[in-house]
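Please read the points in order, with the structure open alongside.

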Amino acid sequence: MSKNYAALAGDVVLALGGAGNIVAATHCMTRLRFVLQDPTLADSAALKSIKGVMGVVRSDNQCQVIIGNTVSQAYREVVRLLPENLQPAEPQGKPPLTLRRIGAGILDALIGTMSPLIPAIIGGSMVKLLAMVLEMSGVLTKGSPTLTILTTIGDGAFFFLPLMVAASAAIKFKTNMSLAIAIAGVLVHPSFIELMAKAAQGEHVEFALIPVTAVKYTYTVIPALVMTWCLSYIERWVDRITPAVTKNFLKPMLIVLIAAPLAILLIGPVGIWIGSAISALVYTIHGYLGWLSVAIMGALWPLLVMTGMHRVFTPTIIQTIAETGREGMVMPSEIGANLSLGGSSLAVAWKTKNPELRQTALAAAASAILAGISEPALYGVAVRLKRPLIASLISGFVCGAVAGIAGLASHSMAAPGLFTSVQFFDPANPMSIVWVFGVMALAVVLSFVLTLLLGFEDIPVQEPVNNKTASAPVTELAH
């Protein structure tokens, strides 16, 4: 069923308080993301009632409207309704600084920076997986120019990830993008990489008599993110101290001379330590709990997606795959989590008497099972009906346990689904293929059965008005 995205966009903008209340707008894989001038003007109930909106997530002055896989079409219509240059009014007072606001700010910066990069990361991951499959099948021999080029194409987004992060963060922190990219480029410059390799081998490397820590920045996220955040303050400070007549050449020169050494000597190493500490914490837990940590993550994953916290693991996954070639905790847990939501949606489609809900559930199930995009199933079905969510969480735990016991690990980063299952194939262990498809089948079947057993409160079909008498909608428990 086709949607009228122009009408949908108009209703969404109106429910957010009008175009004048929207400071910024963007989108990720399934959500429209808005920053609002006055969040009290947004009507969550009105947003949720709009046909085509699967759910709403709000935090401070931000509002995320879940649309599903066709979010880009809705976003194009939203942009048409907004002024070309959104200029937010000055805030009426600085809110008090609390631990909650600090945590929310860090999470917002990470999610706001990483979300626009996900398509490039997934695209690169799938190309790398294609190269791996072609090598495993013998179509391309190891070391062949075609395989090398194909692998390089897939690896480009990861090798130059600091530049992509800098560009995205520059938009988020409202600083000069070209300067951010130029400074991040220093970290992945061949000469600098060579110098860091020498430092890693014990050679003394210093800049202006200050020792330089040996750090490898390719495939990293946190250093470029923190560096761009600092750049936003450096740029404003330099702008204040430089005379107007010299701004064209002196301002960018001073910014680069201040920010680049700061990134090399302090921000970069600290960023690496932060990223490594987060990775170490996650995988220390995995080391102690083993398969149980994968099971717990499988049960928690839909809840993390609901809060947006799942994006916190993106830098950790990227860095772990870059360093070890595999990730064996978060990605395997997503197999059961994603396909369980798909199986629950299939059960809802099977039992519901509401044609519109059936259509929504079938589309959501296909998205979760085939492509690993679970948000349509999560917001359009599971959260909406409650009990299918419980069935999905139980199934996610069981399937995560099986994936953990089997020792499944991802060699790339793409949302786990049937089409992307190849990322879990281990060339050294052919049985991994059997385990992957076994976990996927278990997730769909178990969540399907659990949803039927738990039942759900079906959404009633509104009867048409006849002879000025409307039949009251009947809500039934579907079993």
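1. Helix 7 has as its buried residues L161, P162, V165, A166, A167, S168, A169, A170 and F173. Buried here means under 20% relative accessible area, against over 50% for exposed and in between for partly exposed, with a 1.4 Å probe and protein chains only. Helices are DSSP runs of H or I with at least four residues, numbered from the N terminus.

2. The model is a predicted one, in which local features need pLDDT of at least 70 and side-chain atom pairs count only at pLDDT 80 or more, while totals for chains, interfaces and linings use all residues. Residues are numbered from 1 along each chain as its sequence is written, and side-chain values use heavy atoms, with hydrogens and water left out.

3. The 13 residues of helix 7 (residues 161-173) should span 18 Å at 1.5 Å a residue, and the end C-alpha atoms are 18 Å apart, which agrees. The expected span is 1.5 Å times one less than the number of residues in the helix. After helix 7 comes K174, with a positive phi near 55°.

4. Three domains divide the chain: domain 1 (5-85), domain 2 (102-278) and domain 3 (326-454). These bounds come from an automatic or database domain assignment. Between the C-alpha centres of domain 2 and domain 3 there are 34 Å.

5. What is buried between domain 2 and domain 3? The area is about 790 Å², and carbon and sulfur atoms give 83% of it. On the domain 2 side, L129, M132 and M136 lose the most area to domain 3, together 47% of what that side buries. Buried area is the accessible area (1.4 Å probe) that two parts lose on being put together, summed over both. Eight residues of domain 2 are in contact (heavy atoms within 4.5 Å) with nine residues of domain 3.

6. Between domain 2 and domain 3 the count of salt bridges is zero; a salt bridge is a side-chain nitrogen of Lys or Arg within 4 Å of a carboxyl oxygen of Asp or Glu.

7. T314 lies in helix 13 (residues 313-324) and is buried, with a relative accessible area of 2%. Neighbours within four places in sequence aside, T314 is in contact with M114, I118 and M413.

8. S421 belongs to the loop between helix 17 (387-406) and helix 18 (431-454). S421 is buried at a relative accessible area of 5%. Not counting residues up to four places away in sequence, S421 touches V436, F437 and M440.

Definitions and conventions. Helices (H or I, at least four residues) and strands (E, at least two) are DSSP runs, numbered from the N terminus.
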